[in-house]
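Welcome! Let us take a friendly walk through a protein model, looking at a few of its parts one after another.

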Amino acid sequence: MSTHEHPQPDQVDQADTAARPGADGAAAAPHVPPATPPRAGTALPARIREAFLAAAFTADGLLGLLGAPAYAALARGETVPALRATRGRSPLETLVRLFLLQRPVPYGRASAALPVDDCLAEGWLLRDGEEVRACVDVRPYGGPGGEDWWIVSDLGCAVGGAGGAGGAATGRLAEEDRASLVLGVGGASTTLAGLTVRTPAGRALDLGTGSGLQALHAAQHATRVTATDVNPRALGFTRLTLALSGAHEADLRQGSLYEPVAGEEPFDLIVSNPPFVISPGARLTYRDGGMAGDDLCRTLVRQSAEHLADGGYCQLLANWEHREGEDWRARIRAWVPPGCDAWIVQREVQDVSQYAELWLRDAGDHRAGPEAYAARYEAWLEEFEARGTTAVGFGWISVRKSGSVRPSVIAEEWPHPVEQPLGDTVLDHFARQDFLRRTDDAALLAGRFRLADGVVQEQVGPPGAEDPEHVLLRQNRGMRRATKVDTVGAGFAGACDGTLEAGRILDAIAQLVGEDPVLLRDRTPEAVRLLVAQGFLIPVR
């Protein structure tokens, strides 16, 4: 079993970086992040990878060692079950203690698991008397094809690790040190990886690469990957992640937004898990964009068309403001550049107080004392009040450069569980929009459709009633949507097996229900379009 098959939250965890200190009372010692990460341009990462594989320090190996309950507890930042499961002396237990639990281990035990002297020399480990400690967090991660990968980040900054970002290992750092921390894999980053379209690409851009997870995924299907970040330390960690995971090198560039790739040939894929937090100021590089309100995410979307090849995709996670007297859908749709289709999905909404409290905890401000905490809390609320912001939405934005003069720009709210990965669902969504855009009602009724796999019908009404109050069609795959249909809609969907034209099905239904077939044909195309748009019906070509 690989990480991508392990239980994951169905909704994006926007508190990807939130502090989650361990509950065992034996937190790792404070650790100031090194000025630069360990070197990647040597043979050592390959030797470390061989050692990890030999010890089964992989996603599957962890699950086998820890068991599902301890594995899930570790993802929540609870270390006691994993500590109990690693009291032996095997190389795997040593590596778990070093890199996941961030505990010191005896030099001799480390030597049995790793090329320890070279790791000490190149900054992966630090010696403390007869013990060694990890200098970086290394997290096993299962690739989509069952690959064994490892994500390297600052110590204590792999979300769900022993300290959690901003937790015990980092909570006492000076703010200037915390500002440059590089986070590891977490709920938001895995959500984005699952959303991303994975068709073969010539050029891919990971904008704001962090520890390199998106670049690592892109390296599997793109000929050339460019990864950028405003934080030079992040580029070093991305280089480590790629080297340790055996991926080909990326073109690493320092800079903000699209500046590092200005004037270059366009990309087939742009992916970004940006610093989307809407905050007063830019205290923490890994989360605060430093632009007013949601301007950073707006800029990423608005300027995407300039850097996309025809047919290319830009996909990102974003936060956006809900402002008094404005429809959030209209605000975000206005971000989309001309000639581009877009699918915007809002997964969560928080009022401004909830939002401020979430990110104040992330920054550790709840430990700063009542007066300092209150002052910073008030600064957040004053900023929101000045901007007319009443709530903040979080979700996904997928943009495709279609060149259409009638672009499809859909903004919707869907807070319900979904089935990851959704990359193929994103592709299918835009393909359906193309179909609907070029198909008039006459062609629609002349077309053939089939019911999508995994769709079931539910009838809702009082027990024993002869007829249901309404009928629901529900998807068990992808977005797992549900939509209400009438008797005609349910009968139409049930008859769609790809063999009969839509118009002929409607004629048969009209005869059964005693309705004028011409009138039924006139009023039905809108309902058919909705079922196609939402993926319940698949056009048969």
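Our first stop is Arg323, a residue of strand 10, which covers residues 308-323. Keep in mind that what you see is a predicted model. Which residues does Arg323 touch, not counting residues up to four places away in sequence? They are Arg331, Arg387, Gly388, Thr389 and Thr390. Take Thr390 from that list: Arg323 and Thr390 are 67 residues apart along the chain, yet 5.6 Å separates their C-alpha atoms.

Next, consider charges. Side chains of opposite charge can pair when their charged atoms come close. In the whole structure, a search finds 30 salt bridges. One of them joins Arg233 to Asp154, with 2.7 Å between the closest N and O atoms. This pair links distant parts of the chain, since the two residues are 79 residues apart. Arg233 belongs to helix 10 (residues 232-244), while Asp154 belongs to strand 5 (residues 148-154).

Three strands form an open sheet in the order 15-16-17, and their pairing is antiparallel. Strand 15 (455-460) and strand 17 (482-485) are at the edges with a single partner strand each, so one side of each has no neighbour in the sheet. On average, neighbouring strands here are turned by 30° against each other, direction ignored. Strand 15 and strand 16 (residues 470-475) run antiparallel and are joined by six bridges. Within this pairing, Val460 stands opposite His470 of strand 16.

A helix accompanies this sheet. Helix 17 lies across strand 15, strand 16 and strand 17, and runs at about 120° to strand 17. Helix 17 (residues 487-495) also packs with helix 18 (residues 502-513), their axes being 10 Å apart. How are helix 17 and helix 18 oriented to each other? The angle between them is about 130°. Angles over 145 degrees would count as roughly antiparallel and those from 65 to 115 as roughly perpendicular, and helix 17 and helix 18 are therefore oblique to each other. Their crossing is right-handed.

| Helix | Residues in the contact |
|---|---|
| Helix 17 | Val488, Gly491, Phe492, Ala495 |
| Helix 18 | Ala502, Ile505, Leu506, Ile509 |

Note on methods. Residues numbered from 1 in each chain as written. Predicted model: local features only at pLDDT ≥ 70, side-chain atom pairs only at ≥ 80, totals over all residues. Heavy atoms only, no water. Axes fitted to C-alpha atoms, helices over the stretch in contact; angles between N-to-C directions. Helix = DSSP H or I, 4+ residues; strand = E, 2+ residues; numbered from the N terminus. Parallel < 35°, antiparallel > 145°, perpendicular 65-115°, else oblique. Left-handed = near helix turned anticlockwise from the far one by under 90°. Contact = heavy atoms within 4.5 Å. Pairing = 2+ DSSP bridges. Salt bridge = Lys/Arg side-chain N within 4 Å of Asp/Glu carboxyl O.
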